[in-house]
Amino acid sequence: TFQTVQLATILRDAAHRQPCDVLVLAGDFNSLRLDRRRWAAWFAARAAEGFLDASQEVEWTFRSSSLPLRQKLDNALIRGAEGLVCGAHSPELPGSDHLPLFVSVQLPATRYPYK
C-alpha cells in the first residue's frame, strides 16, 4: 500500500506540471509482485493514462546476495507523443543489488524531423 500511495503522490504532482513532450516515471517501484493482480491493475491503469512500460521486456532488476532470488523492482514508464517507441535492457553489472536499467526513447520522426 505504501508504494502505491507514494506513486499516486508522484502522479498527482505530474498532473499539475506544465505539459511536456515526454514524461518519464522511473525508479525503484518496490513492486515486489507478491500480489501480482494488484500491480497488474496498477500498470494497466498507467497504460490507460497513456504510459508505455519501457521496461516491460526486462525480466528482473534486483538480485539477493544471500538468497537465489531475482525480482523485477525497477521500472520505466514513458508518456509522450503518439508513435513514441521505447525499450530497455538491464545488463548484469556488479556494484549493487539492483541492475542498471537503460532506457531508449525514439520520438516520432514526423514530429521532430531534425536530428
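Student: Where does valine 103 lie?
Tutor: Valine 103 sits in strand β7, residues 102–106; strands here are DSSP runs of E with at least two residues, and helices are runs of H or I with at least four, both numbered from the N terminus. This is a predicted model, where local features need pLDDT of at least 70, side-chain atom pairs count only at pLDDT 80 or more, and totals for chains, interfaces and linings use all residues. Residues are numbered from 1 along each chain as its sequence is written, and side-chain values use heavy atoms, leaving out hydrogens and water.

Student: Is valine 103 buried or partly exposed?
Tutor: Valine 103 counts as partly exposed because its relative accessibility is 37%. Buried means under 20% relative accessible area, exposed over 50%, and partly exposed in between (1.4 Å probe, protein chains only).

Student: Switching topic, what about tryptophan 42: where does it lie?
Tutor: Tryptophan 42 lies in helix α2, residues 36–48. Tryptophan 42 counts as buried, because its relative accessibility is 10%.

Student: Which residues is tryptophan 42 in contact with, beyond its neighbours within four places in sequence?
Tutor: Those are Thr4, Leu7, Leu11, Leu25, Phe29 and Leu77, with contact meaning heavy atoms within 4.5 Å. Leucine 7 is 35 residues from tryptophan 42 in sequence, with 9.9 Å between their C-alpha atoms.

Student: What does cysteine 20 count as, then?
Tutor: Cysteine 20 counts as partly exposed because its relative accessibility is 48%. Cysteine 86, at 22%, also counts as partly exposed.
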